[in-house]
Amino acid sequence: MTQQRDWNALSDEEFRRIAAEFFETHVPKHLKFLSRRPRWAEVSEWYMTMSRHGWLCPAWPQEWGGMGLSQSKALVYMEELERSGAPRVMDQGLMNIGPLLIAHGNEEQRRRFLPKIISGEHLWCQGYSEPNAGSDLASLRTEARLEGDEFVINGQKIWTSVAFDATHMFALVRTDKTVKKQAGISFLLIDMQQPGITVRPIRNIAGHEELCEVFLDNVRTPRANLVGELNAGWTIAKALLGFERIWSGSPRQSTLALLRLESLARASGKIDDPAFVDKYTQVAMDVLDSASAYERFAQIMRTGGSFGVEVSMLKIWATETCQRVTELMVEAAGDLGTLLGEVDVNGEPIDILYPFLDCRAFTIYGGSSQVQRNILAKLVLDLPA
Amino acid sequence: MAISPEEAAEQINMLRESAADFVRRGADMKGLRERRGQLPGYDAAMLRHIVELGWFGILVPEQQGGLGLGFAEMSVVLQELGKGLMAEPVLPALFAGRVIQHASNEALKERLLPALADGSALPAVGWQEGLGGLDARAIEARAQPAASGVVLSGRKRFVAGAAGAAGFVVSANAPDGYGVYWVDAKAPGLSVQYEWRADETPSGVLELKEVPVPSRDVLGPGGPRGLAPLERALDEAAVLASAEMLGVMEAALQLALGYMRTRVQFGKPIGSFQALQHKAVDLYVQQELTRAVLDDAVRELDADVGPQERPKVASRCKARASDAGMRIGREVIQLHGAIGYTDEYDAGLYLKRAMVLSGWLGNATAHRRRFAELTRGAVTV
């Protein structure tokens, strides 16, 4: 059933062609380029289509049902997935906890959890941030106490994406309060379908409910669900896949925003206003330069090279550029820029405010722009603490 | 002979290393200060060293005595020279060499390009007039047909590398369209005066009063496409100037970072303050963007992408480099505080070189405008 192929034997170009064709053929038309994150019920069919064809888990080894893609091929996969307009599925299992269990879990955990991610039975969410542990994540306080063979967990997680559709959560919890904050954190797998779990969606400024608060009140998980050693959770959580670090700085979102800005400029006639064209050209060139910088790192990855935290300059520039594009869109829209939802611009329906509001989050999640700057200052520019 | 990408990368690394070594040993800020306001605006002894290293010949074809290498090689040498503020005599001559190479006069190439490669006669370009600007066609100089060749009259301004040049590539209006001509520095009717740039290097003003140009010195005759060699060379030189600018900004930022690590105020190194750290990171981001676009531009020039794409990538490159260089030059002064404002400290030297490079061959605004005209609002990403 699952097609086993040595994808890495193909050239990147050849694989790109095959990936583009796969997504073109299989992504359901009505779900392409949604301007919101769909619920599981809407996208489960697409998820299962990928699963059936063996295309669900690009970076997993083939023995676990993945495609076994190299970092560079996984990047091509992501680029083509994005280009196809495919909707975002419940992807914490396949993108995050799956690879993490393959790297840091034990054999029993892999056997128990990986197949259920592929079958869509287990849908994961990520329980990292807390109300008082955002940029300073290591100060998290949700506590897990060992009682016999079980951890008993109490506390609160926040900014958990799509927790309402998740069956499981992987979480960082405090297991030792007497040591340096990073040294007392453990990594636990938690079944969400039990008493004591309360999920409350949080409406964001774009009017969508994707983020959640998750309350944990005497929630239980077996000791077998501890990933890695006790109190070793911080190190495990910090290890990211190579392609994820570059992916968060890809120009895809700013490119999409620029295309929307172009549509607005044409439909509204702003394209003939020299004052607008000046500003437009500036942001357009910022987007192109973002793509150049991304390609530079992608090329290093393709040729088997490696890079360090300097790659986080990509995320700073890509996300802040995306924001500037959407700011210009609202400004260029003038009076239309005050209207919610799709508005009629000389016969063309364009949502002006959504991109602006949506991309406020980009410079916050995954390490805020300011945290990225702190990291670059210390580790790349070698500035003192 | 074709070489593998790994071998090519290795060659470029070796070239970079030897240029970096040359700059480490030869950078001389004291000498640079002493030469300010003096002709020819560079150190003749250093120029001879550069000639011996063969760098003037990197882009010159092998049959004309050069190394026949590409922009990737030229770019790394200029980056390193830029770090030591040592690129001034090289760039303007390279620019002229590119016009000569793209022009159609083969005999003249055989005469001029070997002399560029061996440093015996450096050329410069007179292409702008009046208030300057990026439009190579905005000129009034005339090329009048004469018995054997043409006679040139006009005034050329903003001529980099004019002092010490053996001759000039000069653009002019001929009856059939724009043409490009070679004018020997000693030609009758030619006089050169100087204006002084921000870094106190000379900028030539050529006065051409009925300067006779024999037929053999017509680089490209007047015609509808007569400026094509110049326009192509302008794009290439803009990319090479961006390479030098990258070196200048790297050296300037390193200077500031070193200072931030050691300068103590309020009982701490000032580099520990987040406001300054974030400012420094923003400069680093600009530097890395410049490097990325420069990589793209160099690759496209070496692949000879043609007259549709070449000016676009050249404008992207020069716009980013000009903006980033100016910003880093300015902010590096601020990061130093008062010491950065003094003439005896090097920060000002980098700022002034950045100012010259930023404006030369079109500043960021000029290149953004040109990019907008070339793409007409349809930026396909």
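This is a predicted model: local features need pLDDT of at least 70, side-chain atom pairs count only at pLDDT 80 or more; totals for chains, interfaces and linings use all residues.

1. Domain bounds in this note come from an automatic or database domain assignment. On that basis chain A is divided into domain 1 (7-89), domain 2 (124-233) and domain 3 (242-380). For chain B the assignment gives domain 1 (5-117), domain 2 (123-223) and domain 3 (228-375).

2. The overall form of chain A may be described next. Chain A contains 12 helices and 10 strands. Its radius of gyration is 22 Å, close to the 21 Å that the globule rule gives for 385 residues, so chain A is as compact as a globular protein of that length. The C-alpha trace of chain A spans about 70 × 45 × 45 Å along its principal axes. Of the 385 residues in chain A, 41% are buried. Among contacts in chain A with a separation of 6 or more, 72% are between residues 24 or more positions apart.

3. Within chain A, the centres of domain 1 and domain 3, taken over C-alpha atoms, lie 23 Å apart. The contact between them involves 8 residues from domain 1 of chain A and 10 residues from domain 3 of chain A. Which helix gives the most to the domain 1 side of this contact? It is helix α3 (residues 71-83) of chain A, with 6 residues. By class, the domain 1 side that touches domain 3 of chain A has 3 nonpolar, 3 polar and 2 charged residues.

4. In chain B, the C-alpha centres of domain 2 and domain 3 are separated by 30 Å. Here 10 residues of domain 2 of chain B are in contact with 12 residues of domain 3 of chain B. The domain 2 side of this contact consists of 6 nonpolar, 2 polar and 2 charged residues.

5. The interface between the chains brings 29 residues of chain A into contact with 27 residues of chain B. On the side of chain A that touches chain B, the elements giving two or more residues are α8 (252-268), α9 (274-302), α10 (312-333) and α12 (369-380) of chain A. The largest share, 12 residues, comes from α9(A). The side of chain A that touches chain B divides into 20 nonpolar, 5 polar and 4 charged residues.

6. Strand β5 (residues 185-191) of chain A runs antiparallel to β4(A) and is joined to it by 7 bridges. In that pairing, A171(A) stands opposite L188(A) in β5(A).

7. Helix α9 (residues 310-336) of chain B has 27 residues and reaches 39 Å from its first C-alpha to its last, close to the 39 Å expected at 1.5 Å a residue. Is α9(B) largely enclosed or largely open? Since 23 of its 27 residues are buried, α9(B) is largely enclosed by the rest of the structure. The helix is followed by G337(B), which has a positive phi near 75 degrees.

8. The peptide bond from L39(B) to P40(B) is cis, with omega near 0 degrees. P40(B) lies in the loop between α2 (29-34) and α3 (44-53) of chain B.

9. W159(A) is in strand β3 (residues 150-161) of chain A, whereas N231(A) is in the loop between β8 (226-227) and α6 (233-238) of chain A. Which of the classes buried and partly exposed applies to each? A residue is buried if 20 or more other C-beta atoms lie within 10 Å of its own. W159(A), with 21 C-beta neighbours inside 10 Å, therefore counts as buried. N231(A) has 18 other C-beta atoms within 10 Å and is therefore partly exposed.

Note on methods:
Residues are numbered from 1 along each chain as its sequence is written. Chains are lettered from A and ligands numbered from 1 in the order in which they are written. Two residues are in contact if their C-beta atoms, placed from the backbone, lie within 7 Å. Ala, Val, Leu, Ile, Met, Phe, Trp, Tyr, Cys and Pro count as nonpolar, Asp, Glu, Lys and Arg as charged, and the others, Gly among them, as polar. Helices (H or I, at least four residues) and strands (E, at least two) are DSSP runs, numbered from the N terminus. The radius of gyration is taken over C-alpha atoms; the globule rule is 2.2 Å times the number of residues to the power 0.38. A residue is buried if 20 or more other C-beta atoms lie within 10 Å of its own, exposed if 12 or fewer, and partly exposed in between; C-beta atoms are placed from the backbone. The expected span of a helix is 1.5 Å times one less than its number of residues. Two strands pair if DSSP finds at least two bridges between them.
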